[in-house]
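Please consult the sequence and the 3D structure shown here while reading.

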Amino acid sequence: MAVVTVQLGQCGNQIGFEVFDALFTDSQCSQGFCSKRENEAYQASCTERFFREENGVPIARAVLVDMEPKVINQMLSKAAQPGRWKYDQHARFCQKQGSGNNWAYGYSVHGPKHAESIMNLIQKEVEKCDSLSGFFIIMSIAGGTGSGLGAFLTQHLQDHYSNALKMNQIIWPYGTGEVIVQNYNSILTLSHLYRSSDALLVHENDAVHKICAKLMSTKQISFRDINQVLAHQLGSVFQPTHSAECSFHYRTNPLGDLMEHLVPHPEFKMLGVRTIPQMSETSLPYSTFTWNGLLKRLRQMLISNAKMDEGIDWQVRPPLPKLPPPGKMCLNREQHFNTSLANLLILRGKDVQNANLEGFRDPALYTSWLGPADAFSAWKTPRAFNRYERSAALVSNGQFFVRPLDAVVGKAWNMFASKAYIHQYTKFGIEEEDFLDSFTLLEQVVASYRNLF
Amino acid sequence: MGRRRRRVDEEASARAGAGARTLLDAIATLSRSLPTGPCPEIFRRAKFDRPEAAPALWELLFRLLAPLLADRAAASLGPGAQARWVKAVLCSHGYPRPALAQLPEDGSQGSRELLLAFSWLLARGPLLEWLLAQTCVKLGDQVPTFECEVLASPGLATPQMDAEGPVDLRCLQWLMGKLRFQWQQLICSQEEQCALLSKIHMYTWGCHSDRNLGHLSVTETEMLRDPEGSQQLLQALEQENAQLEAALEWRRYELVFWQWMDTVLGACPSEDPAVPTFQPSISEHGRGKLELVAQELQALKEELQALQELLRKEVLSRRQAWETQIGGLGHGPEWSAARQALQQAVDRELLALRQAWKQGKGPSLPQGPHRLVKIEAGSAEAQGLPVAEVIRALRSQEASLEAVLCRLQGQCRQELARLAGTVPGLIWILPPGR
């Protein structure tokens with residue numbers, strides 16, 4: 001089943017390109033550490049989902065949207081390299097003028113003005129799919145076009161394609177961002193997406209930046225480096241996996257399966273991704289891993305809320321069962337231990353069937369009201385990903401984002417209390433009432449996540 | 001030794017009465033016309049309530065009552081669960097013999113009761129025809145028909161769940177959300193199937209030897225791609241053919257079988273008529289409530305009787321008063337003309353109502369499966385059931401189901417609001433989205 005990607009704004013378009021490139025490169029890679037037949041099935045499954053063929057050339061199932069033409073043109077020409085994949089030249093929408101980091105401008109001006117043309121482009125892309133599983137919408141949350149227009153379009157997609165799934169890949173801004181109103185933009189985006197999207201897959205710029213610096217040993221980190229790490233993480237989630245334990249068929253609707261496992265509850269929609277191992281191409285040939293070692297580290301990353309495979313706090317332990325939840329113990333625990341609502345573990349590579357997953361089936365990792373039988377699932381394929389002999393990705397719905405979200409809401413509230421910059425929003429029809437609605441909703445989300453135990 | 005002697009006895013009786021031979025034939029044809037029918041010997045043993053015949057009969061009943069589930073579920077369900085299923089479904093169909101419900105579920109005994117239950121099903125309706133339609137090998141693509149009836153048929157009785165503590169609302173919301181996603185996935189895969197079906201029909205246009213059809217079906221295309229599969233298909237068709245032949249033959253012998261069944265019934269110990277039919281099991285939790293309801297019912301009954309009495313008196317007195325009042329009226333020519341006009345008006349209105357009702361009821365689909373065939377618009381051979389009609393019928397069905405859903409949701413919402421209102425200090429915040 002196909003997934004149509006909508007790339008929004010500068011950030012969304014740059015990441016989108018890297019994601020397609022990573023998916024394509026991996027699926028064409030001959031070093032899959034598996035049989036030829038397996039490799040072919042894997043390739044076919046990946047291609048069907050993210051690409052369509054036109055005269056023998058894979059065309060990305062994507063619609064590119066930005067209000068400035070520069071980035072889109074760059075991406076189109078980058079994708080036009082011979083022997084690889086391409087974007088459809090007609091599946092793009094751009095204008096001459098951006099949103100100037102004003103969410104209200106993107107949402108209230110660009111949105112209503114251009115929604116029809118953009119929806120037409122999306123409709124054309126959808127018509128080229130035998131079956132549509134859903135939309136993958138890539139955008140930042142702190143800017144103007146991607147976030148404002150993105151929130152508007154997601155709402156439109158919800159209205160027009162109510163049976164298709166919507167996953168928003170959102171980029172969390174740097175804590176020390178340059179845009180003064182980034183916290184306003186973030187709460188407006190998040191609250192609007194919470195109403196119209198099925199799942200928010202969050203990547204924090206700070207975390208990915210650290211991965212580049214520590215694990216990939218990149219000296220001068222560019223957006224491209226960051227986006228490539230991000231694309232690697234997304235690829236390791238969305239590349240094909242077998243549909244069942246002993247099956248040789250690839251999963252037909254991974255987006256649907258993922259959502260069914262992780263985000264059925266309307267109040268818990270925020271997903272984080274952890275991958276292991278992650279390293280520069282030069283050190284890859286000199287490293288070997290065992291499933292045991294990888295999974296032990298990944299589990300500790302999960303429970304201690306470490307964003308990467310370095311500097312993990314090994315002191316954090318799951319709480320002992322039968323301890324009374326209220327009281328000091330609980331407070332103490334809350335600060336360190338990361339409770340999961342649901343986890344999806346994806347394993348790729350050699351001997352996957354031998355990997356021991358018991359560590360993730362520990363009831364202490366989960367809430368009292370959803371046991372591991374419902375809260376944990378694992379997908380596997382013997383096909384290696386991106387030349388890593390063994391690799392694992394963990395998509396988790398849990399307390400990862402309680403603190404960043406709380407911080408953003410707090411900062412935005414402080415500005416809002418002194419009415420700073422509000423006029424820039426009211427000028428375009430976003431009233432104080434809309435801000436208050438956003439605060440209420442997000443505070444409810446923070447409280448819900450905080451109360452997981 | 002014993003067995004041999006019995007057989008000798010049987011043969012002797014077969015010689016004695018020509019009927020026995022036909023009885024054996026009757027049971028044999030019946031067994032052959034059932035999918036995975038047990039061997040005829042099982043029936044004979046069941047007459048004598050032999051325990052070894054019981055497992056095969058439980059299995060048979062399970063397959064008859066759960067044909068859609070049978071293949072997959074039979075493997076996953078143990079004999080105990082199968083037996084529970086059979087009991088539950090028979091109960092819901094109104095099977096009258098309480099002895100069945102008391103049978104142990106381990107399949108160790110009760111073959112005669114099971115044989116009676118089976119013949120009850122057989123006598124009740126067109127069981128064989130229905131089964132044959134269910135297991136029919138489908139060569140053409142089927143028009144999707146209403147599946148609401150299938151969904152509404154009694155499901156496997158869920159084990160009584162008296163939750164120990166209160167269930168966390170979040171868990172219910174989680175499960176509800178899961179259901180919603182599964183529903184969306186189902187719709188997606190249905191759409192995919194339709195799209196692929198349409199592709200097959202287009203690519204195979206003009207390939208069919210039957211001019212009326214114009215294109216191949218999925219099964220036919222599959223046969224072309226995989227000739228070995230056609231062997232299997234042939235086998236399936238032959239099997240179905242044998243079943244059909246057996247079913248036809250069965251018609252000739254049916255009477256003999258029923259005569260024999262009378263002797264089986266006669267062999268049963270007579271039942272205590274005082275024993276009521278099925279006692280529904282009531283959980284501890286429900287018992288208290290039930291008593292309350294019973295008391296309330298009794299009180300209401302008394303009240304109703306009192307009211308009826310009152311009403312009767314009231315009507316009597318009114319009627320008397322009225323009759324004296326109209327006294328001499330109602331005989332003149334004006335009166336009869338007015339009455340005639342009224343009568344006509346009522347007739348007209350009735351007719352209009354009937355028509356409106358007929359239209360409002362919406363089109364109903366003709367029964368039975370239909371082969372899905374693509375025909376060029378305006379083609380002369382166009383006959384049968386146009387897709388537009390099917391779609392219209394499905395739409396109207398959808399609309400009425402949606403109305404029911406809306407009504408139920410409204411009721412739930414009211415109930416929820418009422419419950420929320422009973423908790424002091426509670427602020428009700430609806431979850432975001434949906």
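In this predicted model, the side chains of D130(A) and K199(B) meet in a salt bridge, with 3.1 Å from N to O. A salt bridge is a side-chain nitrogen of Lys or Arg within 4 Å of a carboxyl oxygen of Asp or Glu. Between chain B and chain A, the count is one salt bridge.

Because the model is predicted, local features need pLDDT of at least 70 and side-chain atom pairs count only at pLDDT 80 or more, while totals for chains, interfaces and linings use all residues. Residues are numbered from 1 along each chain as its sequence is written, chains are lettered from A and ligands numbered from 1 in the order in which they are written, and side-chain values use heavy atoms, with hydrogens and water left out.

**The interface of chains A and B**

- On the chain B side, 24 residues are in contact (heavy atoms within 4.5 Å) with 36 residues of chain A.
- The two chains bury about 2700 Å² between them, 57% of it on carbon and sulfur atoms; buried area is the accessible area (1.4 Å probe) that two parts lose on being put together, summed over both.
- Eight residue pairs, both at pLDDT 80 or more, are in polar contact between chain B and chain A.
- A polar contact is a pair of N or O atoms within 3.5 Å; within protein, one must be able to donate a hydrogen and the other to accept it, and residues adjacent in sequence count only if both atoms are side-chain atoms.

**Strands of chain A**

- Strand β11 (residues 376–381) of chain A is largely enclosed by the rest of the structure, because five of its six residues are buried.
- Buried means under 20% relative accessible area, exposed over 50%, and partly exposed in between (1.4 Å probe, protein chains only).
- Strand β10 (residues 340–349) of chain A pairs with β11(A) in the parallel sense over six bridges; two strands pair if DSSP finds at least two bridges between them.
- Helices (H or I, at least four residues) and strands (E, at least two) are DSSP runs, numbered from the N terminus.
- The bridge partner of R348(A) in β11(A) is T381(A).

**Two residues of chain B**

- E113(B) lies in helix α8 (residues 111–124) of chain B and is buried, with a relative accessible area of 10%.
- The side chain of E113(B) makes a polar contact of 2.6 Å with the side chain of R97(B).
- L175(B) lies in helix α11 (residues 169–203) of chain B and is partly exposed, with a relative accessible area of 40%.
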